[in-house]
Amino acid sequence: MPKKNATRPPVVMIHGAFCAGWAFDGWRALFEAEGYRVRTPTLRHHDTGMHPPAALGTTSMLDYAADLARELDTIGEAPILIGHSLGGLLAQMLAARRDVRALILLAPSPPWGMTPSTPFEFVSAQSLYLAGGFWSTVLKPQQWIAAAHTLDLLPDADRDAVFARFVPESGLATFETMHWMFDLKRATHVDARAVTCPILCFAGMRDRVNPPATVRRLARRYGGRARYEEMRDHSHWLIGEPGWQKLANGTLMWLDRVLADTAAQSDA
């Protein structure tokens with residue numbers, strides 16, 4: 001196993017929709033304590049609070065990915081990518097286009113071409129049309145939706161505190177993720193064959209946003225490169241629900257094994 005004070009590869013943690021880099025504060029602290037160099041970038045227009053520019057509404061997943069790719073290019077070596085929800089989809093997009101050491105996907109959104117696994121996923125996608133032409137507008141976070149489906153396992157006070165930090169999201173990026181079948185650009189397409197690094201996929205057993213059935217199918221796309229884990233008593237907010245530390249520490253242990261195996265192969 002790599003020693004705690006050994007040089008660790010850089011880690012880039014990619015947040016999900018309606019959030020910013022702060023969402024990974026807890027994970028960042030744990031990883032930095034283990035010697036990792038961590039970056040938690042904030043997606044375009046997600047640093048302007050509840051009053052983002054109108055341009056957010058037409059910001060594409062391709063824009064997010066391009067911004068993140070430029071961030072990776074400044075690192076100088078292949079990083080480890082960790083992505084939650086929409087950030088998990090962006091991490092897959094990046095891993096198909098850049099050299100990546102390992103990929104950790106936390107309740108990841110599926111890429112272009114993957115149909116929903118549950119009625120809830122279908123209904124959630126269709127309900128967006130109630131907002132009219134949502135694909136070109138700024139979508140504001142809705143507290144009742146977050147409380148019921150994203151932050152549902154947090155204590156009330158913690159739930160309110162986290163939601164207070166939520167920010168609006170891109171209607172176009174949401175459309176490209178949840179209505180990919182109508183996206184002629186295929187913005188969220190990921191060539192699974194191009195993702196060659198080891199992959200760890202987590203799903204919360206109580207998650208309805210990106211449920212276990214969907215994440216399990218997603219992991220299968222990557223064949224033997226992916227390990228799939230279901231987390232009992234977890235929902236969608238895997239990065240901050242009660243018990244997140246155990247999940248993060250399990251990820252660190254998995255990375256120890258991956259890095260040790262890589263080092264052994266290099267020495268052989």
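User: Which helices each supply at least two residues of the lining of the largest pocket?
Analyst: Helix H4 (119-127), helix H5 (143-150) and helix H7 (171-178) do. Keep in mind that this is a predicted model.

User: Which element has the largest share of that lining?
Analyst: H4, with eight residues.

User: And what volume does the largest pocket have?
Analyst: About 1300 Å³. There are 48 residues lining the largest pocket, and the closest to its centre are Ser124, Leu128, Ile145, Met178 and Val209.

User: How does the lining divide into nonpolar, polar and charged?
Analyst: The lining of the largest pocket has 28 nonpolar, 16 polar and four charged residues.

User: What about the second largest pocket, how much space is in there?
Analyst: About 250 Å³. The second largest pocket is lined by 18 residues, with Ala23, Val162, Trp237, Ile239 and Gly240 the closest to its centre. H1 and helix H6 (156-163) are the elements giving two or more residues to that lining. By class, the lining of the second largest pocket has twelve nonpolar, two polar and four charged residues.

User: Switching to the sheet. What's the strand order?
Analyst: It is an open sheet of six strands, ordered E2-E1-E3-E4-E7-E8, with parallel pairing. Strand E2 (37-39) and strand E8 (226-231) are the edge strands, each pairing on one side only. From one strand to the next, the twist averages 15°.

User: How many bridges join E7 to E8?
Analyst: Six bridges join strand E7 (residues 199-204) to E8, and the two run parallel.

User: Which strands does H1 touch?
Analyst: Helix H1 (residues 25-33) packs on the sheet and touches strand E1 (10-14), E2, strand E3 (80-84) and strand E4 (102-106). The direction of H1 makes about 170° with that of E1.

User: And where does H3 lie?
Analyst: H3 lies across E1, E3 and E4, at about 150° to E3.

User: At what angle do H2 and H3 pack?
Analyst: Helix H2 (residues 61-73) and helix H3 (residues 86-95) pack at about 60°, with axes 10 Å apart. Their crossing is right-handed.

User: Which residues meet there?
Analyst: From H2, Met61, Leu62, Tyr64, Ala65, Leu68, Ala69 and Leu72; from H3, Leu86, Leu89, Leu90, Met93 and Leu94. The contact of H2 with H3 has twelve nonpolar residues, and no polar or charged ones.

Methods:
Residues are numbered from 1 along each chain as its sequence is written. This is a predicted model: local features need pLDDT of at least 70, side-chain atom pairs count only at pLDDT 80 or more; totals for chains, interfaces and linings use all residues. Side-chain values use heavy atoms; hydrogens and water are left out. Axes are lines fitted to C-alpha atoms, for helices over the stretch in contact, and angles run from 0 to 180 degrees between N-to-C directions. Helices (H or I, at least four residues) and strands (E, at least two) are DSSP runs, numbered from the N terminus. A crossing is left-handed if the near helix is turned anticlockwise from the far one by less than a right angle, and right-handed if clockwise. Contact means heavy atoms within 4.5 Å. Ala, Val, Leu, Ile, Met, Phe, Trp, Tyr, Cys and Pro count as nonpolar, Asp, Glu, Lys and Arg as charged, and the others, Gly among them, as polar. Two strands pair if DSSP finds at least two bridges between them. On a 1 Å grid over the protein atoms alone, a cavity is a set of points where a 1.4 Å probe fits but cannot get out, and a pocket is an open set with protein on both sides within 12 Å along at least five of seven lines; lining residues have an atom within 4 Å of a point. Grid points are joined across faces, edges and corners, and a volume is the space filled by probe spheres set on the points.
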